[in-house]
Structure formats: C-alpha cells, structure tokens
Amino acid sequence: MVKLSAARYGKDNIRVYKVHRNNEAGTQDVVEMTVGVLLLGDIETSYTQADNSVVVATDTMKNTVYLLAKQHPVSPPELFGSIVASHFVETYKHIHSAQVKVIVHKWTRMTVDGKLHPHSFLRDGADTRNVEAVATEGKGVDVRSAIAGLLVLKSTGSAFHGFIRDEYATLPEVSDRILSTEVDCGWSWDTFTNLKDVQAAVPKFDDAWNIAKTITLETFAKDESASVQNTMYKMCEQILSAVPMVKAVDYSLPNKHYFEIDLSWYNGLKNTGEDAEVYAPQSDPNGLIQCTVSR
C-alpha cells in the first residue's frame with residue numbers, strides 16, 4: 001500500500017522585465033526579474049487518478065505573473081512576490097499555499113557626462129536581490145528577503161587558529177590570511193496577517209535591504225576576523241538589532257581560497273608567509289559556513 005505523501009508543482013524561470021516611464025521628469029526606471037511559482041493544495045487526484053480538473057496549468061501561472069506585473073508595482077520584490085502568492089490562494093479555493101520566488105537582476109543607471117542618464121543602465125555586478133513569499137490559507141504571508149551572489153574579498157585582517165588538531169588535521173594555523181566569500185544573506189520577517197499588512201510595510205523592505213548590505217560589507221571589512229563563523233554571527237546580531245520586524249537572519253558563506261605558491265625552486269625566491277605576494281585562486285573543494293540567528 002502506497003500513498004502520495006507530498007506534492008507541489010508550478011512554473012519556474014519566468015523572465016519578467018518592466019519599464020516605468022516618468023514622462024514629467026523624462027526618465028525611465030527598469031526592473032528585470034526571474035520569478036518562480038509553486039502551488040500546494042488539494043491536487044492529489046492529478047497524480048493518483050490522472051484528474052487534471054484540479055490543475056492550474058503552469059502556463060496559466062506564467063500568464064498570471066505577467067498580468068499582475070502589468071497591474072501592480074513590481075518594486076519592492078517583497079510586495080510583488082506577496083501579491084502573486086496571495087492571488088493564487090485567493091483565486092483557487094483548492095489551493096491552500098503558494099510559494100513565490102523572485103530574483104531581481106541588477107540594472108544600475110549609467111552616469112554619462114557627469115549626470116545620471118535618463119534611460120541607460122549597466123549591470124555592475126552579479127549579485128541579486130532575492131525574495132521568497134509564501135501565502136498560506138488561514139495563516140498569512142511569510143516573507144524572506146535576501147542578498148545573493150555578492151562576491152567580497154579582503155587581503156588581510158583574517159585569521160584561523162586554535163581549531164582541533166588531531167591525526168587527521170594538516171591545515172596550518174594562520175594569524176593572517178586572505179578572506180573571500182560569496183555572500184548569501186537572508187532575513188525572515190514576522191508573519192504578515194494578510195496582503196494589506198505587507199503593503200503597509202513597503203517602506204521597510206528597501207530600508208532593511210540597504211541596512212543588511214551595509215552591515216555585511218562594513219563588518220566584513222572592519223572585523224579582525226577570528227573565523228568566518230564569528231564574523232557572520234556579528235553580522236546577524238547587528239541586522240536583528242537594526243530591523244525590529246525581522247525575526248531571524250541567516251548566512252551561507254563559502255570560502256574562496258587563495259593558496260600561497262612556493263617559488264623557492266627559482267633561485268630561492270621567497271613567496272610564502274610574510275613574503276607572499278602571488279597566490280593561486282582555488283575553486284574547490286571549499287569550506288561552507290552557515291548559520292541562522294533568531295530572536
């Protein structure tokens with residue numbers, strides 16, 4: 001005897017671009033997103049009995065995202081994700097939860113002749129602003145905001161020593177090293193009762209994103225890091241202190257390693273320890289450090 005123990009489905013990688021034309025100012029603003037939708041509810045029979053009468057087609061989900069992007073603001077992404085998620089729960093009574101992921105791709109306004117250009121943009125980094133909004137019948141809307149793909153490096157000001165040394169350990173202890181990582185930082189908001197509450201919080205979303213990014217960068221740069229673990233914990237503490245409506249902060253920081261190259265084979269040339277200047281960047285394997293800090 002078997003049973004369907006879990007099921008959800010949706011449309012992924014919906015590419016959306018929206019332009020807002022401010023005719024009075026003669027400027028345009030653009031937003032490019034990748035959106036994903038997953039639905040949960042009374043959909044078991046579509047799996048077990050080939051009953052498609054309970055299926056909202058994934059193509060319909062794509063059409064809905066485009067239509068809602070036309071009818072509603074897409075910024076901040078926390079609001080748009082909540083609008084899309086709430087739509088599916090409110091429109092289809094057999095759908096009890098909708099999960100919407102939004103990835104916002106960077107388009108930064110160009111500076112031309114010393115002035116911000118009215119309609120030209122550049123992508124000045126691979127980092128993205130991400131949101132996951134989950135609307136659940138009878139519960140409300142849960143929102144997680146995030147910074148992802150933010151590549152950072154500092155050439156000094158990081159150490160790692162005092163760790164367990166046993167017969168398996170070969171890593172040397174260091175008092176100064178290169179520290180680099182690709183930041184994935186998320187913060188989860190207190191549950192919103194409904195979409196109206198999300199709309200009331202709109203001014204806080206951009207502020208929190210700017211605060212989280214500033215804290216991440218400043219702490220990374222200024223902290224005399226004893227470990228990635230300790231540095232990321234300090235970041236979490238500060239974000240929770242600065243944004244009262246956030247209930248938890250999480251980080252995932254992979255190490256981007258840079259190894260010294262021994263060049264002593266060439267006439268005794270020194271390039272290790274205090275003399276190290278040339279390094280070999282490494283791709284893998286790498287350390288991966290994660291944590292969640294909650295109130």
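Biologist: Where does Pro76 lie?

Modeller: Pro76 is in the loop between α2 (58-71) and α3; helices (H or I, at least four residues) and strands (E, at least two) are DSSP runs, numbered from the N terminus. Please note that this is a predicted model, in which local features need pLDDT of at least 70 and side-chain atom pairs count only at pLDDT 80 or more, while totals for chains, interfaces and linings use all residues. Residues are numbered from 1 along each chain as its sequence is written, and side-chain values use heavy atoms, with hydrogens and water left out.

Biologist: Is the peptide bond from Ser75 to Pro76 cis or trans?

Modeller: That bond is cis, with omega near -5°. Asp284 and Pro285 are also joined by a cis peptide bond, with omega about -5°, and Pro285 sits in the loop between β11 and β12 (288-294).

Biologist: On to the core. Which residues have the most contacts inside the largest nonpolar core?

Modeller: They are Val35, Val37, Trp187 and Tyr251, in a core of 65 residues. Helix α3 (residues 77-91) supplies the largest share of this core, seven residues. A nonpolar core is a set of buried Ala, Val, Leu, Ile, Met, Phe, Trp, Tyr and Cys residues joined through side-chain atoms within 4.5 Å. Buried means under 20% relative accessible area, exposed over 50%, and partly exposed in between (1.4 Å probe, protein chains only).

Biologist: And what does Trp187 touch?

Modeller: Not counting residues up to four places away in sequence, its contacts (heavy atoms within 4.5 Å) include Ile147, Trp209, Val246 and Asp250.

Biologist: Now Ser227: buried or exposed?

Modeller: Ser227 counts as buried because its relative accessibility is 13%. This serine lies in the loop between α5 (202-222) and α6 (228-242).

Biologist: What does the side chain of Ser227 reach?

Modeller: It reaches the backbone nitrogen of Asn230 at 3.1 Å. Leaving aside neighbours within four places in sequence, Ser227 is in contact with Ala159 and Phe160.

Biologist: Lastly, the backbone. What is the phi of Asn13?

Modeller: Asn13 has a positive phi of about 55°, although it is not a glycine. Asn13 belongs to strand β1 (residues 9-22) and is exposed, with a relative accessible area of 55%. Asn267, also not a glycine, has a positive phi of about 55°.

Biologist: Where is Asn267 found?

Modeller: Asn267 is in the loop between β10 and β11, and it is exposed at 71% relative accessible area.

Definitions and conventions
A polar contact is a pair of N or O atoms within 3.5 Å; within protein, one must be able to donate a hydrogen and the other to accept it, and residues adjacent in sequence count only if both atoms are side-chain atoms.
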